[in-house]
Amino acid sequence: MKNIILVGFMGVGKGSVAREIIKISDYMSIDTDDLIESMENRTVKKIFEESGEEYFRNLEKKVSLWLQNSVTNTLISTGGGFYKQKNLKDIGVVVFLNSPFDKILKRIKSHPNASKKLKKRPLLNDLKRAKELYKERLPEYTAVADIVIDVTDKSALECAKELLLKVKTHA
Ligand code: S3P
């Protein structure tokens with residue numbers, strides 16, 4: 001089993017798809033934001049507030065090097081900006097979960113904990129800026145991806161099944 005790295009914009013459903021994959025396969029999953037939060041013993045939101053984005057990006061870099069050197073057979077769910085790591089492709093098969101910005105927003109807003117989901121993501125505070133960020137990143141996610149899954153109007157389970165099939169047949 002190769003590592004699978006899930007990339008994609010905030011709120012697209014990387015965590016939900018990861019949870020379905022571990023139910024229906026032998027994969028176990030880790031999440032780069034969770035690793036960073038436990039390294040720092042504070043939330044991503046607090047890290048942004050207290051230490052700034054650049055500090056956070058350095059922690060992502062540290063995590064990416066550790067993943068490359070020490071992690072195998074694992075599903076790795078990542079924060080929305082993690083795809084910029086230079087060694088991404090050395091970690092495993094890169095899977096981009098894609099959906100239009102409006103659908104992502106709708107998905108977040110329909111969640112019972114919507115306001116919490118929005119608040120915990122510093123880069124979603126300003127929706128106009130978030131949409132610009134999405135536009136800027138879309139071609140970059142696509143360029144770095146080995147596999148693209150369009151998650152729009154699909155359940156997390158459907159996405160998980162499609163993903164496992166595509167990873168299996170990926171050279
Ligand atoms: C970020 C996405 C967040 C988190 C941080 C920065 C980004 O993760 O890593 O707030 O740059 O897109 P999610 O994609 O899980 O929201």
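Modeller: In this predicted model, α1 provides the largest share of the lining of the largest pocket, namely 6 residues.

Biologist: What makes a residue part of the lining of the largest pocket, and how many residues line it?

Modeller: A lining residue must have an atom within 4 Å of a grid point of the pocket. On that criterion 37 residues line the largest pocket, and D31, D33, T78, K120 and R121 are those nearest its centre. Two or more lining residues come from each of α1 (14-24), β2 (28-31), α2 (32-40), α3, α4 and α6 (101-109). The space in this pocket amounts to about 810 Å³.

Biologist: Which classes of residue make up the lining of the largest pocket?

Modeller: The lining has 14 charged, 12 polar and 11 nonpolar residues.

Biologist: Where is the ligand in relation to the largest pocket?

Modeller: The ligand takes up the space of the largest pocket. A molecule is assigned to a pocket if more than half of its atoms lie within 2 Å of the pocket's grid points.

Biologist: Which residues are closest to the ligand, and how many surround it?

Modeller: The ligand is surrounded by 14 residues, with K14, D33, R57, R121 and R137 the closest. Of this shell, 6 residues are nonpolar, 3 polar and 5 charged. Both α3 (44-51) and α4 (53-70) contribute at least two residues to the shell.

Biologist: How much of the ligand's surface does the protein bury?

Modeller: The ligand alone exposes 380 Å², and the protein buries 93% of that area.

Biologist: What is the volume of the second largest pocket, and which residues lie nearest its centre?

Modeller: Its volume is about 290 Å³. Among its 17 lining residues, R107, V151, T152, D153 and K154 lie nearest the centre. α6 gives the most to this lining, with 4 residues, while α1, α6 and α9 (156-169) each supply at least two. By class, the lining of the second largest pocket has 6 nonpolar, 6 polar and 5 charged residues.

Definitions and conventions
Residues are numbered from 1 along each chain as its sequence is written. This is a predicted model: local features need pLDDT of at least 70, side-chain atom pairs count only at pLDDT 80 or more; totals for chains, interfaces and linings use all residues. Side-chain values use heavy atoms; hydrogens and water are left out. A residue is near a molecule or strand if one of its heavy atoms lies within 4 Å of it. Accessible areas come from the Shrake-Rupley method with a 1.4 Å probe; for residues, only the protein chains shown count as cover. On a 1 Å grid over the protein atoms alone, a cavity is a set of points where a 1.4 Å probe fits but cannot get out, and a pocket is an open set with protein on both sides within 12 Å along at least five of seven lines; lining residues have an atom within 4 Å of a point. Ala, Val, Leu, Ile, Met, Phe, Trp, Tyr, Cys and Pro count as nonpolar, Asp, Glu, Lys and Arg as charged, and the others, Gly among them, as polar. Grid points are joined across faces, edges and corners, and a volume is the space filled by probe spheres set on the points.
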